[in-house]
Amino acid sequence: MAPNIATNTRVDLAGLLEFVRPRHHMLVITSRADGRPQASPVTGGVDDAGRIVISTYRDRAKTVNARQRPQATVLVLSD
């Protein structure tokens, strides 16, 4: 069986969420106060409203960064 490879295929939100739902390993990228990126491995999922959610603690750097600068990137990893 040939491995799946990255493509430039466009998908709608439903297709994106279908891809994300079974995958729970993610990287969250936030910005530190000085603008440098902060990458954090996390466990995540999709909630009933179709939002990507992650498991973390209130005082972690990613949480503090996201509260102060709400722009973030999530990289969803395949097994």
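Biologist: Which residue's side chain meets that of arginine 51 in a salt bridge?

Modeller: Side chains of opposite charge can pair when their charged atoms come close. A salt bridge is counted when a side-chain nitrogen of Lys or Arg lies within 4 Å of a carboxyl oxygen of Asp or Glu, and here the partner of arginine 51 is aspartate 47, at 2.8 Å from N to O. This is a predicted model, in which local features need pLDDT of at least 70 and side-chain atom pairs count only at pLDDT 80 or more, while totals for chains, interfaces and linings use all residues. Residues are numbered from 1 along each chain as its sequence is written, and side-chain values use heavy atoms, with hydrogens and water left out.

Biologist: Is aspartate 47 buried or exposed?

Modeller: Buried means under 20% relative accessible area, exposed means over 50%, and partly exposed lies in between (1.4 Å probe, protein chains only). Aspartate 47 counts as buried at 18%, whereas arginine 51 counts as exposed at 53%.

Biologist: How many salt bridges does the rule give?

Modeller: The count comes to 2, and one of them joins the side chains of aspartate 34 and arginine 36 at 2.7 Å, N to O. Aspartate 34 is exposed, with a relative accessible area of 51%, and arginine 36 is partly exposed, at 47%.

Biologist: Which residues make up the largest nonpolar core?

Modeller: A nonpolar core is a set of buried Ala, Val, Leu, Ile, Met, Phe, Trp, Tyr and Cys residues joined through side-chain atoms within 4.5 Å. In this model the largest one has 7 residues, namely Leu17, Val20, Met26, Val28, Val42, Val46 and Val76. Helices (H or I, at least four residues) and strands (E, at least two) are DSSP runs numbered from the N terminus, and α1 (13-20), β1 (25-31) and β2 (37-46) each supply at least two residues of this core.

Biologist: What does valine 46 touch, leaving aside residues up to four places away in sequence?

Modeller: Contact means heavy atoms within 4.5 Å, and valine 46 touches Leu17, Val20, Arg21, Arg51 and Val53.
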